[in-house]
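Open the model in your viewer and keep the selection panel at hand. We will go stop by stop.

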Amino acid sequence: MASFLITQNIGAGNIVGVCMDVSIDFFLSLLGILKTGAAYVVLSLEEPINRMKYILEHIKPTIVLTHASKKQMIESLNIESVCLDEEHHTIDQESDAHPDIQSDRLSPVSIQYISGPTSMPVGITIYNHSLIACNEALQESIFRDTGTEEIRFGCFASFLSGYSHRYLM
């Protein structure tokens, strides 16, 4: 996924929207975006359209990763999108090698929007150092002697996506 995103000119300093139902493509997108050094924003079409427009105006995503079922709505907002379910063959042809990306501890990895005090969304930026610290804390305190890879990935994926565990089960 990261190699495919790099061919789409995604890299450090870019913000990528992710607008799809929770699926394997969803998590592969998040991990691929992180590997490129870019930051992601999870977008939901269940939000009121004015809220979505407000968020998109503020983040100005380079691209939005989506599925064909959501493409028309994304394009109606004048945002460039890539439908991953239409690009599986192309993505499968890309290299599995880890890209050589340089990012620093202060690089943003995610922007999560919450309702603000004025009823307008407020973006909270998660930085690289916070993600690293969270992962290290999970490894040391929770997963040191227990937990399978699947459980570790599930918990970490929950943190990445901003979804609570109830949406992932």
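Start with the largest nonpolar core, which has 17 residues. Select Val16, Val18, Ile33, Leu65 and Leu84: these touch the most other members. Bear in mind that this is a predicted model.

Now colour by element. α1 (2-7), β1 (15-19), α2 (24-36) and β3 (63-66) each give two or more residues to this core. Which element gives the most? That is α2, with four residues.

Next, pick Cys19, Val41, Val64 and Leu77. They are among the 13 residues of a second, separate core. As background, nonpolar side chains in soluble globular proteins tend to be buried together.

Move to helix α3, residues 49-59. Which of its residues are buried? Select Arg51, Met52, Ile55, Leu56 and Ile59. Look down the axis: these residues cover an arc of only 130°, so they sit on the same side of α3.

Then show what covers those buried residues. The cover includes β1, β2 (39-42), β5 (108-115) and β6 (121-127).

Turn to the face of α3 directed away from its buried side. Asn50 and Glu57 are there, and both are exposed.

Last stop: step just past the end of α3 to Lys60. Check its backbone there, where phi is positive, at about 45°.

Definitions and conventions: Residues numbered from 1 in each chain as written. Predicted model: local features only at pLDDT ≥ 70, side-chain atom pairs only at ≥ 80, totals over all residues. Heavy atoms only, no water. Core = buried A, V, L, I, M, F, W, Y, C linked by side-chain atoms within 4.5 Å. Buried < 20%, exposed > 50% of the residue type's maximum accessible area, 1.4 Å probe, protein only. Arc of directions from axis to C-beta. Contact = heavy atoms within 4.5 Å.
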